[in-house]
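Colleague: Please take a close look at one part of this model, the nonpolar core, and then at the charged pairs. I would like the criteria stated along the way.

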Amino acid sequence: NHAPLSREFSKRGCPISLRGQLWKQMLGVAIEEVDRYYYDQLVKHVCSYDMLVDKLIRKDIRQTSANDSHYFVFEDQFYQVMLAFTRDTAILKHFHNSSATPSKAYQKGKSESPEHLIIYPPN
């Protein structure tokens, strides 16, 4: 287990090229090719839609990283990951057993018709 060593290394700054490996070590996860493809699809979806919640996520991350010196070096990467997973529609299946409802928005510059409706999980 290299997680403690990885955390210490990341506190002092880490080259962008090593950040993915460090995160995997700190979290103890293995990433498969299908996971990379799924994430790439989420990122493409983020690039297609500009949502108000994106600004709230950015603000929240800035406030959090300003108060936590352990992970401030990952602020930009964390923002990109958060944007991708706030658009992950697979999370919607968790609403079937909940009284909560997913957030809804319409595509920017499009009419408020059902084909332009975007449903995404809250952050």
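**Core and charged pairs**

The largest nonpolar core consists of 11 residues: Leu42, Val46, Tyr49, Met51, Val53, Ile57, Ile61, Tyr79, Leu83, Ala84 and Ile118. At least two residues of this core come from each of helix H3 (33–48), helix H4 (52–67) and helix H5 (75–86). A nonpolar core here is a set of buried Ala, Val, Leu, Ile, Met, Phe, Trp, Tyr and Cys residues joined through side-chain atoms within 4.5 Å. Buried means under 20% relative accessible area, exposed over 50%, and partly exposed in between (1.4 Å probe, protein chains only). In soluble globular proteins, nonpolar side chains tend to be buried together.

This is a predicted model: local features need pLDDT of at least 70 and side-chain atom pairs count only at pLDDT 80 or more, while totals for chains, interfaces and linings use all residues. Residues are numbered from 1 along each chain as its sequence is written, and side-chain values use heavy atoms, with hydrogens and water left out.

The protein chain has five helices and two strands, in the sequence order α-α-α-α-α-β-β. Helices (H or I, at least four residues) and strands (E, at least two) are DSSP runs numbered from the N terminus. Of the 123 residues in the protein chain, 26% are buried.

As for charged pairs, there are five salt bridges, each defined by a side-chain nitrogen of Lys or Arg within 4 Å of a carboxyl oxygen of Asp or Glu. Two of the pairs involve helices H4 and H5. Arginine 58 and aspartate 76 form a salt bridge with their closest N and O atoms 3.7 Å apart. Aspartate 76 is in helix H5 and arginine 58 in helix H4, so this pair ties together parts 18 residues apart in sequence. Arginine 58 counts as buried at 19% relative accessibility, whereas aspartate 76 is partly exposed at 48%.

Arginine 62 and glutamate 75 form another salt bridge, with the closest N and O atoms 3.9 Å apart. Here glutamate 75 belongs to helix H5 and arginine 62 to helix H4, so the pair ties together parts 13 residues apart in sequence. Both residues are partly exposed: glutamate 75 has 21% relative accessibility and arginine 62 has a relative accessible area of 48%. Arg58, Arg62, Glu75 and Asp76 are linked in a network of salt bridges.

A further salt bridge joins the side chains of glutamate 8 and lysine 11 (2.9 Å, N to O). These residues are three apart in helix H1 (residues 3–11), which means a separation of about one helical turn.
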